[in-house]
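Visitor: Before the terms are used, I would like to hear what stands behind them. Please take the model one label at a time.

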Amino acid sequence: MFYYRQYYPSIQLADIIECYWVLRAPNSFMDVPDRLIPGGRVELIFNFGDPADWLITADNPHGTRVSEPVIMGQRNQIFYVKSTGKIRMLGIRFKPGGLASFTNLPISDLLNMLLPAEQLLGKAVKSLEMRLLDCSDDYKQIQLLDAILKTELKNTPVDLLVVNQTIDMLRNSRDDISIDTICQQTGWYYKKLERIFLKNVGYTPKHYHKILRFNKAVRYMRTTNTLTDVCHVCNYFDQAHFIRDFRLFTGTTPSQFKKEDNKIADFLIKYQSV
């Protein structure tokens with residue numbers, strides 16, 4: 001039986017962590033490669049089921065097979081994932097800039113990367129994995145994760161305030177606000193904003209804006225069959241511009257995407273705010 005559920009972090013971690021999530025599914029759920037569309041987030045994933053093949057591309061059709069805890073970096077292109085059996089995963093989805101509270105590594109170094117979590121967060125990850133396995137249910141696993149992360153939390157980067165303000169302006173503006181307008185309104189120089197974003201979020205502000213708009217468009221596609229409406233609501237210059245971005249992030253056209261069974265994309269679109 002398919003099961004997916006998200007849990008909110010404690011107040012102390014609410015500015016850093018989007019959610020904790022649990023996924024359980026039978027062998028047939030991802031027995032063929034399924035799309036991983038960019039969502040702008042970094043995730044820490046514990047795999048308690050059979051190994052999965054991550055970051056599959058045309059050039060790397062077998063992907064990277066892992067069963068250990070991994071850091072899934074932010075992405076700016078289409079990848080696929082395939083299970084090798086029963087799925088049982090536990091994840092932490094960090095908010096943009098959130099992982100920077102736990103590591104000094106520039107998040108831009110994680111772009112399109114899959115790394116053993118131990119390599120980034122230290123040997124304590126393996127011990128945490130064993131403790132999570134000993135928990136009797138999902139809720140106790142989440143409680144343990146939350147408690148551990150609160151003890152490991154470094155000082156919140158000062159730059160995170162700038163990151164969050166910029167992202168809020170991009171998300172909440174009724175019009176398609178430009179990065180140049182944000183710089184004018186806040187007094188931040190673009191090069192400084194770009195440097196802060198690359199270090200903490202892993203994208204330039206303009207590329208992150210592009211991913212925000214794409215995700216908004218994919219969600220809006222669930223309510224309309226007219227690409228003209230999608231382009232208008234999401235402020236694309238024209239359909240050609242929208243389709244070009246859509247191909248980059250999904251590997252196909254909007255009409256073909258709607259016809260296909262995109263299991264992971266569907267529940268992320270439903271549950272993951274961007």
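## Labels and their grounds

Guide: Strand β9 is mostly covered, with seven of its eight residues buried. The model is a predicted one.

Visitor: What makes β2 and β9 paired strands, and in which sense do they run?

Guide: Pairing requires at least two bridges between the strands. β2 and β9 are joined by eight bridges and run antiparallel, so they pass the requirement. Isoleucine 17 stands opposite phenylalanine 94 in β9.

Visitor: How many bridges join β4 to β9?

Guide: Five, and β4 and β9 run antiparallel. Phenylalanine 46 has leucine 90 in β9 as its bridge partner. β4 also pairs with β7, in the antiparallel sense, over three bridges. There, glutamate 43 has methionine 72 of β7 as its bridge partner.

Visitor: What is the strand order of the open sheet of six strands?

Guide: The order is β1-β2-β9-β4-β7-β10, and the pairing is antiparallel. β1 (3-7) and β10 (114-116) are called edge strands because each pairs on one side only. From one strand to the next, the twist averages 20°.

Visitor: Which helix lies across β4 and β9?

Guide: Helix α2 (residues 124-134) does, running at about 55° to β4. Helix α3 (residues 138-152) lies across β1, β2, β4 and β9, and runs at about 150° to β2.

Visitor: Why are β3 and β6 said to stand at the edges?

Guide: They belong to an open sheet of four strands in the order β3-β8-β5-β6, with antiparallel pairing. β3 (34-36) and β6 (64-66) each have a single partner strand, so one side of each is left without a neighbour in the sheet. The twist here averages 30° from one strand to the next.

Visitor: How many bridges join β5 to β8?

Guide: Three bridges join strand β5 (residues 52-56) to β8, and the two run antiparallel. Pairing asks for at least two, so β5 and β8 qualify. Alanine 52 stands opposite serine 83 in β8. Helix α11 packs on this sheet, touching β3 and β8, and its direction makes about 40° with that of β3.

Visitor: Why does asparagine 76 count as buried?

Guide: Buried means under 20% relative accessible area. Asparagine 76 has 19% relative accessibility, so it counts as buried. Its place is in the loop between β7 and β8 (79-83). Leaving aside neighbours within four places in sequence, asparagine 76 is in contact with Pro38, Leu111, Asn112, Tyr203, His207, Leu248 and Phe249.

Visitor: What joins the side chains of asparagine 76 and asparagine 112?

Guide: A polar contact of 2.8 Å joins them. The cut-off is 3.5 Å, so that distance falls within it.

Visitor: Why is glutamine 12 called exposed?

Guide: The term needs over 50% relative accessible area. Glutamine 12 has 52% relative accessibility, so it counts as exposed. Glutamine 12 lies in the loop between β1 and β2. Not counting residues up to four places away in sequence, it touches Lys150 and Leu153. Glutamine 12 and leucine 153 are 141 residues apart in sequence, and their C-alpha atoms are 9.6 Å apart in space.

Visitor: How many residues does the largest nonpolar core have?

Guide: It has 35 residues, and those with the most contacts inside it are Tyr208 and Phe242. At least two residues of this core come from each of α4 (159-172), α5 (179-186), α6 (190-200), α7 (205-220), α8 (227-233), α9 (239-250) and α11 (263-271). The largest share, six residues, comes from α7. A second, separate core of 29 residues includes Leu44, Ile92, Val125 and Leu145.

Visitor: Which residues does tyrosine 208 touch?

Guide: Not counting residues up to four places away in sequence, tyrosine 208 touches Gly40, Arg41, Pro96, Ile167, Leu170, Arg171, Phe197, Val201 and Tyr203.

Definitions and conventions
Residues numbered from 1 in each chain as written. Predicted model: local features only at pLDDT ≥ 70, side-chain atom pairs only at ≥ 80, totals over all residues. Heavy atoms only, no water. Core = buried A, V, L, I, M, F, W, Y, C linked by side-chain atoms within 4.5 Å. Buried < 20%, exposed > 50% of the residue type's maximum accessible area, 1.4 Å probe, protein only. Contact = heavy atoms within 4.5 Å. Axes fitted to C-alpha atoms, helices over the stretch in contact; angles between N-to-C directions. Polar contact = N/O pair within 3.5 Å; in protein donor to acceptor, adjacent residues only side chain to side chain.
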